[in-house]
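Morning, everyone. I have one structure to walk through today. Let me put it up.

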Amino acid sequence: EARLLYLAALVENIADAVIGTDEEHRIIWWNRVAEEIYGWKQDEVIGKYGRDVLKTEFQHDDQNQWKQSVDKTGFWRGQVTQITKTGER
């Protein structure tokens, strides 16, 4: 339990946005930095599908390649542009 609390505090205080989803891509974790970068508060996004919150423009790959990679390997690497709550890039 102490280790889980430590890891949760670490993720919450890291200097990058950390967004966790379940297998169906519903948001289950949204840290403070994600709030600052994207403009949505945690309670506004928890339980929503990532695609409904994060408007993503893929630079080199299409969204199908991203999803296939995540489904197959558990991760994806690439360049994207994210649109914030207020429409900023």
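Which element gives the most to the lining of the largest pocket? Helix α5 does, with 4 residues. One caution before we go on: this is a predicted model.

Let me stay with that pocket. The space in it comes to about 830 Å³. Its lining counts 23 residues, and the ones closest to the centre are Thr 21, His 25, Leu 54, Trp 66 and Gln 82. Which elements give two or more residues to that lining? There are β1, α4 at 50–53, β3 at 55–58, α5 at 63–73 and β4 at 80–83.

Now step back to the whole chain. We have 5 helices and 4 strands. Read along the sequence, the order is α-β-β-α-α-α-β-α-β. Along the principal axes, the C-alpha atoms fill a box of roughly 40 × 35 × 25 Å. The chain has 89 residues, and buried ones make up 20% of them.

Next, the loop between β1, residues 19–21, and β2, residues 27–30. Asp 22 is found there. Is Asp 22 buried or exposed? Asp 22 counts as buried, because its relative accessibility is 18% and the cut-off for buried is under 20%. What does its side chain lie close enough to list? Take two backbone nitrogens. The backbone nitrogen of Glu 24 is 2.9 Å from a polar atom of the Asp 22 side chain. For the backbone nitrogen of Arg 26, the distance to a polar atom of that side chain is also 2.9 Å. Both pairs go with the Asp 22 side chain.

On to the surface. Which residues form a nonpolar patch there? Leu 4, Tyr 6, Leu 7 and Leu 10 do, and together they have about 420 Å² of accessible area. Pick out Leu 7. Its place is in helix α1, residues 2–13. Leu 7 is partly exposed, at 32% relative accessible area.

Last stop, helix α3, residues 42–45. Gln 42 lies in it. At 31% relative accessibility, Gln 42 counts as partly exposed, because that value falls between the 20% and 50% cut-offs. Which distance separates Gln 42 from Arg 32 in space? It is 7.8 Å, C-alpha to C-alpha, with the two residues 10 apart in sequence.

That is the tour. Over to you for questions.

Terms used. Residues are numbered from 1 along each chain as its sequence is written. This is a predicted model: local features need pLDDT of at least 70, side-chain atom pairs count only at pLDDT 80 or more; totals for chains, interfaces and linings use all residues. Side-chain values use heavy atoms; hydrogens and water are left out. Patches are made of residues with over 30% relative accessible area and no salt bridge: like charges are joined within 9 Å, nonpolar side chains (Val, Leu, Ile, Met, Phe, Trp, Tyr) within 5 Å. Accessible areas come from the Shrake-Rupley method with a 1.4 Å probe; for residues, only the protein chains shown count as cover. A salt bridge is a side-chain nitrogen of Lys or Arg within 4 Å of a carboxyl oxygen of Asp or Glu. Buried means under 20% relative accessible area, exposed over 50%, partly exposed in between (1.4 Å probe, protein chains only). A polar contact is a pair of N or O atoms within 3.5 Å; within protein, one must be able to donate a hydrogen and the other to accept it, and residues adjacent in sequence count only if both atoms are side-chain atoms. On a 1 Å grid over the protein atoms alone, a cavity is a set of points where a 1.4 Å probe fits but cannot get out, and a pocket is an open set with protein on both sides within 12 Å along at least five of seven lines; lining residues have an atom within 4 Å of a point. Grid points are joined across faces, edges and corners, and a volume is the space filled by probe spheres set on the points.
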